[in-house]
Amino acid sequence: MLNLSLNRLRASAAAPPARDSDALQSEAQAVAILVASSSRTPFGAPPALTNGCLNAASELVSTGDEAKAGAGWVVLTSLLSLSPGWLSAKPRLAKLYAMLKAGMGAEVLEAAFKKREAVEAQLRARANAMQ
């Protein structure tokens with residue numbers, strides 16, 4: 001079920017921008033629920049699927065699109081509920097730090113202050129990263 005939801009999330013993210021962003025958010029919520037609940041099951045989820053979720057979240061956050069980045073942060077938040085042993089693996093931790101740096105570390109450019117929408121978009125992106 002997680003595999004199907006992850007594939008649907010990727011398909012929604014690859015859809016043209018004219019598609020409703022609510023569909024993307026609902027797919028991200030479905031993946032997040034399945035990932036978070038997998039930590040409470042006896043056998044959990046296969047590592048390939050959880051790694052796929054991390055990769056999908058990283059791809060969504062790095063797109064620069066606000067709706068896609070928000071969906072990526074939703075998936076990442078659910079991944080943080082997994083065991084510390086899974087999360088503390090060096091490649092996963094490096095990817096997590098890179099995502100946080102990308103979401104939080106960008107400086108606000110002076111040119112952006114001239115456009116209110118640009119400043120608001122940067123503030124929303126940082127708020128999504130801090131959830």
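Among contacts in the protein chain between residues at least 6 apart in sequence, 61% join residues at least 24 apart. Contact here means heavy atoms within 4.5 Å. This is a predicted model, in which local features need a pLDDT of at least 70 and side-chain atom pairs count only at pLDDT 80 or more, while totals for chains, interfaces and linings use all residues. Residues are numbered from 1 along each chain as its sequence is written, and side-chain values use heavy atoms, with hydrogens and water left out.

Confidence next. pLDDT is the predictor's confidence in each residue, on a scale from 0 to 100. The protein chain averages 81, and 81% of the residues score at least 70. Where in the chain is confidence lowest? In helix α7, residues 116-130, with a mean of 69; it is highest in helix α3, residues 47-62, at 90. Where pLDDT is low, the predicted coordinates should not be read in detail.

Now the overall layout. The protein chain has 7 helices and 0 strands, in the order α-α-α-α-α-α-α along the sequence. Helices (H or I, at least four residues) and strands (E, at least two) are DSSP runs, numbered from the N terminus.

Of the 131 residues in the protein chain, 34% are buried. Buried means under 20% relative accessible area, exposed means over 50%, and partly exposed lies in between, with a 1.4 Å probe and protein chains only. The protein chain exposes about 8000 Å², and carbon and sulfur atoms supply 61% of that. Those areas come from the Shrake-Rupley method with a 1.4 Å probe; for residues, only the protein chains shown count as cover.

Let us look at helix α3 and its partners. Helix α1, residues 2-14, packs with α3 at an angle of about 15°, the axes being 10 Å apart. Axes are lines fitted to C-alpha atoms, for helices over the stretch in contact, and angles run from 0 to 180 degrees between N-to-C directions. α1 and α3 are therefore roughly parallel. On the α1 side, the contact includes Leu 2, Leu 6 and Leu 9; on the α3 side, it includes Leu 49, Cys 53 and Leu 60. Under 35 degrees counts as roughly parallel, over 145 as roughly antiparallel, 65 to 115 as roughly perpendicular, and the rest as oblique.

The other partner is helix α4, residues 66-79, whose axis is 7 Å from that of α3, at an angle of about 150°. That makes α3 roughly antiparallel to α4. Cys 53 and Leu 60 are among the α3 residues in this contact, and Trp 73 and Leu 76 are among those of α4.

Ser 58 sits in α3. Why does Ser 58 count as buried? Because its relative accessibility is 18%. Leaving aside neighbours within four places in sequence, Ser 58 is in contact with Lys 95 and Met 99.

Ser 37 belongs to helix α2, residues 21-38. At 33% relative accessibility, Ser 37 counts as partly exposed.

Ala 14 lies in α1. With 63% relative accessibility, Ala 14 counts as exposed. The C-alpha atoms of Ala 14 and Leu 60 are separated by 9.9 Å, and these residues are 46 apart along the chain.
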